[in-house]
Amino acid sequence: MTDIRTPNTLTTPPPPGAAGIAEADTLVRVDNLVKYFDIRGGLLGVSTIGAVKAVDGVSFSVKRGEALGLVGESGCGKTTLGKVILRLLPATSGRVEMDGQVLFDIPAKGEKPQRQSVYAGKEAMKKVRQNMQVVFQDPYASLNPRMSVGELVGEGPLVHGMTDKKEREALVRDMLSRVDLNQTHIHRYPHEFSGGQRQRIGIARALALHPDFIVCDEPVSALDVSIQSQVLNLLNDLQAEMGLTYLFIAHNLAVVEHISDRVGVMYLGKLVELADVDDIYARPSHPYTVALLSAVPEPDPHRRKKRIILKGDIPSPANPPSGCRFHTRCWLREQLGRPERCTTEEPQLRSLGHGQETACHFSEEISATAVENAVASSAPIPTAAV
Amino acid sequence: MTETRGSNEALLEVKDLRTHFATADGLVKAVDGVSLRIRPGKTLGVVGESGCGKSITALSIMRLIERPGRVVSGSISFDGQDLIALPEDEMRDVRGNQISMIFQEPMTSLNPVYTCGDQIAEAVSRHSNVSKRAAMDRAVDMLSQVGIPDPKRRATEHPHQLSGGMRQRVMIAMALSTNPELLIADEPTTALDVTIQAQILELMKALREKNGMAIMLITHDLGVVAEMSDDVSVMYAGKIVEASDAITVFDKAHHPYTRGLLASIPRMGVKRERLEVIEGVVPNPLNLPKGCLFKRRCPYAMPICDNPPPLREVTPGHVSRCWLAPDGGKPELGEAPSAAEAEAAAKTLTVANP
Amino acid sequence: MASSETTRPGAVSPLGNADTDEIDLVAVQTYWQLVRRRFFRNKTAVIGLVLLSILIFSAIFFPWIGGDAWHMTNLSKGPNDPISITAPLGYDNLGINIFFRLMKALQTSLIIGFSAVLIIAVVGTTFGSISGYAGGWVDNLMMRIVDVVLSLPGFFLILMLVAFIGSVVAPMFVIIIAIGITGWTTAARLVRAEFLRLRESDFVQAAKALGASDSRIIIRHMVPSAMAPVLVAATLGIADAVSTEAALSFLGYGIRPPDASLGNMLTGAQDYFYRHPLWILYPGITLILVVLAASFLGDGLRDALDPRQKLEA
């Protein structure tokens, strides 16, 4: 007798993008999530001399049935965020709730009134894990080379009580066919497959427990261009067929645009913009988003656009700039004559209406002219950080 | 800097290059009949996915192929010189001097033990008779030219003290310190973040303007190719499958692989329900199909494709390795000619000077 | 739904990049089969394996058929007796059949070598895996213990143990234990390093995400992957243990006559070097062969287990 979730227990999700789903229930809630990695030093390596602020206060929610994309560059914390939500990494503070079940609720340092940390117990965690899965980036490292495909895909059901071998095999075959893999491959080993096929195996493994929620951590970045589209189509199809909810983490903006309903942009551990996918790409409201979109080279030799070139390198997450973290490279700030507010006051995520949120004091100043000026003033030989 | 030369005369001309690797599992024909031409001051983008042989092509040009790899045939002509026949010590004068190369991973391409300034100065003094001081001055000058602030201080730092983008700039500085006529850039921005990539690409464009340098840009990113290239060559499984100027390749692609690639990449601002897909996987180099190497994945595959397709002219200056007629219609020979007919046709159709 | 891939004829392909169709024509290949293929392609590794097998076989077979020949003195025979089929290496000054004594010595040395390595592997793996998996202060503490053990002069510790206890307990036993308790540190460090690495690896994280318990993750996912370096270290450790024992016995602190060991045969042969120089060669060359065989085998295993060979173009 197993308590594996079967497709029958799934509720039909509202179609993504349909109007009037303001009532759509939230599947995942993230509140003020913080993850610092301690930097050790000193004698015997025991004292903590600093911290890498990988995720520094991120809040958002993922609606049932939607695909939320998360983009950002190195050091923005998107991968760490995914792992912390899944409790693969312990959080420093914050609260994550999955389908009503609190995964953990750790008070922030110095939070008043003082309270205890709350963690979902072992049993509860195990149960919740059936409902939230992950697909990793590296198709070579994410599959145990010593296990056959059948063992890999069947491990989830096995761990959750499906001890009958025949039952498991039937389930595995079903999963393999859903990801377009030949069922006879059930006895084969990962090294016999190509990167794209291994990624499919990873997806099949994630699906085997019929989860509602899947964190996709750069699932196509390590694949060849001609294979990426195969896997992206598969992910899209599966979402529609099985009513999945995705947190899609990637650095390729075009890929994210293709698969997401809403997109969040991260920079140095903070969420700087969150909006519907169309709004983000057509009307970005944060200067970083504008620069990011401007920087992506387009595969069209006619449109060799002029770009906003950001100055300098991405600051270290161990030592983020004061106030708004983006201010050291912000073109809008330059345009506006370097207002003080950017260095002293850290902008919070605020709503601009129609679901678009931004963490910039001066989002309203972003206009076509401002962008043009920024492009024009981008130095021909761009200099590194001042 | 560049000598006056007819703009149609090639700076680098590679003809029918073949580089094979004798591995324990069999013979891998990493590069199998690649021809390309780079005009002075122009940028050639070489596009392809992993395993297509583009990096090996670059290494072959630089004569950096080691056992079990070997350049088995073909000619590489640079500025009139035959690079394959050149004795090693003369090749060393060319390498790093007239032809420079930058790589994908600056961390592993820069020596972690020496300072950045030393490494650039070494390149300078290797190729010119200047004093140590003059070489270091040139190094600092190069660092500022590539946009590194406070170059004097940075020159005394080691690679690990710099960020990825800065290290790539140092690599570029090193490569350009000898004023090469040709820069080979192998996936120079693939490991970099998008905003840093934009910086580096703009930098390369600016320096290209300033020095009149030709670039061979190797990448799998079609966006980067479109941004930077004058001409484009598309590689697949060790062969060139299409080549022309950038606009033609993007607008009027002929080869089904190129067309498949262009159709399958997600593009910003274009939201589609499904992406076009190229079915199948890149062929195993130890188990290549007979005839056209792309046939197993090609939506147009027909019996004629069991015969190796000619590299034919689609329009003047535009070649494609495919049996399809120049307008994309059925082959002139029909779908299933005899092997002999096909071979004969291939001979006539093949372009002599691609 | 994307269309399924149709089966097309293709040749056999051993590499991982095979087409789906091609895979179907090859027999299923487990990870260990792949390792075996890589191993047997390596000539020196095969030589090591064959050599070690011959040595092990000899160490079992010849003492068994020889019976007491290895220590039976016979004053009617001597070094001047010609060699024969039953005495291919002749007799020594006490009339003992040199060949059978050599085989017995080989047996003793190999028993000591393998047993000591077994202890090293078991103790080291347990220690290293706990340390690596636990992390934090437990890991820190355990590693400092390793540092302390490492700072003890191993050889002299063994010497002392044998000197003090060797008269009460059988020296062979003492030597095995002594080498074991001084030598486990390397294995512990290797396993710990692997565990630290594996803890962060994607497939272990995936198992965690599936809901697998800690014990399942350790036993099913981490230990098998961590064993590779231990296997290599153990094989190379055999060479080390055998040499250590030989050195001990040579100095007179290990196996003492009338018991046979490669080391004490060397000591004995010392006195007769000028008249019978071959007597040094017999145990000497045997010792060299054991060390070489174990080293080749160990290196070959390391290359076979390391999946880093990928052809990039």
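The model is predicted. Along the principal axes, the C-alpha atoms of chain A fill a box of roughly 70 × 60 × 50 Å.

**Overall make-up of chain A**

- The secondary structure of chain A consists of 12 helices and 13 strands.
- Buried residues account for 52% of the 386 residues of chain A.
- Of the contacts in chain A that link residues at least 6 apart in sequence, 66% are between residues at least 24 apart.

**Helix H4 of chain A**

- Helix H4 of chain A covers residues 165–178, 14 residues in total, and its first and last C-alpha atoms are 20 Å apart, close to the 20 Å expected at 1.5 Å a residue.
- Arg168(A), Leu171(A), Val172(A), Met175(A) and Leu176(A) are buried in H4(A).
- Viewed down the axis of H4(A), these buried residues fall within an arc of 135°, so they line one face of the helix.
- Lys166(A) and Ala170(A), on the other side of H4(A), are exposed.
- The packing partners of the buried residues of H4(A) are helix H3 (149–159) and helix H5 (195–207) of chain A.
- Just after H4(A) comes Asp180(A), which adopts a positive phi of about 60°.

**Helix H6 of chain A**

- Helix H6 of chain A (residues 225–242) has 18 residues, which should span 26 Å at 1.5 Å a residue; the end C-alpha atoms are 26 Å apart, in agreement.
- The buried residues of H6(A) include Ile227(A), Val231(A), Leu232(A), Leu234(A), Leu235(A) and Leu238(A), and also Ser226(A), Gln228(A), Asn233(A) and Gln239(A).
- Gly243(A) follows H6(A) and has a positive phi, near 60°.

**The eight-stranded sheet of chain A**

- Eight strands of chain A form an open sheet with mixed pairing, in the order S7-S8-S9-S3-S10-S11-S13-S12.
- Strand S7 (132–135) and strand S12 (350–351) of chain A are the edge strands, each pairing on one side only.
- S12(A) pairs with strand S13 (residues 357–358) of chain A in the antiparallel sense, over two bridges.
- Arg350(A) has Thr358(A), in S13(A), as its bridge partner.
- H5(A) lies across S7 and strand S8 (213–217) of chain A and runs at about 175° to S7(A).

**Contact between chains A and B**

- In the contact between the chains, 45 residues of chain B meet 40 residues of chain A.
- On the side of chain B that touches chain A, the elements giving two or more residues are helix H7 (164–176), helix H8 (194–211), helix H9 (222–228), helix H10 (246–251) and helix H11 (256–264) of chain B.
- H8(B) gives 10 residues, the largest share of the side of chain B that touches chain A.

**Pro309 of chain B**

- Pro309(B) is placed in the loop between H11 and strand S11 (311–315) of chain B.
- Pro309(B) counts as buried because it has 26 C-beta neighbours inside 10 Å, the cut-off being 20 or more.
- Not counting residues up to four places away in sequence, Pro309(B) touches Cys292(B), Arg321(B), Cys322(B) and Trp323(B).
- Glu49(B) is 260 residues from Pro309(B) along the chain, and their C-alpha atoms are separated by 21 Å.

Terms used
Residues numbered from 1 in each chain as written. Chains lettered and ligands numbered in written order. Predicted model: local features only at pLDDT ≥ 70, side-chain atom pairs only at ≥ 80, totals over all residues. Helix = DSSP H or I, 4+ residues; strand = E, 2+ residues; numbered from the N terminus. Expected span 1.5 Å × (residues − 1). Buried ≥ 20, exposed ≤ 12 C-beta atoms within 10 Å, placed from the backbone. Arc of directions from axis to C-beta. Contact = placed C-beta atoms within 7 Å. Pairing = 2+ DSSP bridges. Axes fitted to C-alpha atoms, helices over the stretch in contact; angles between N-to-C directions.
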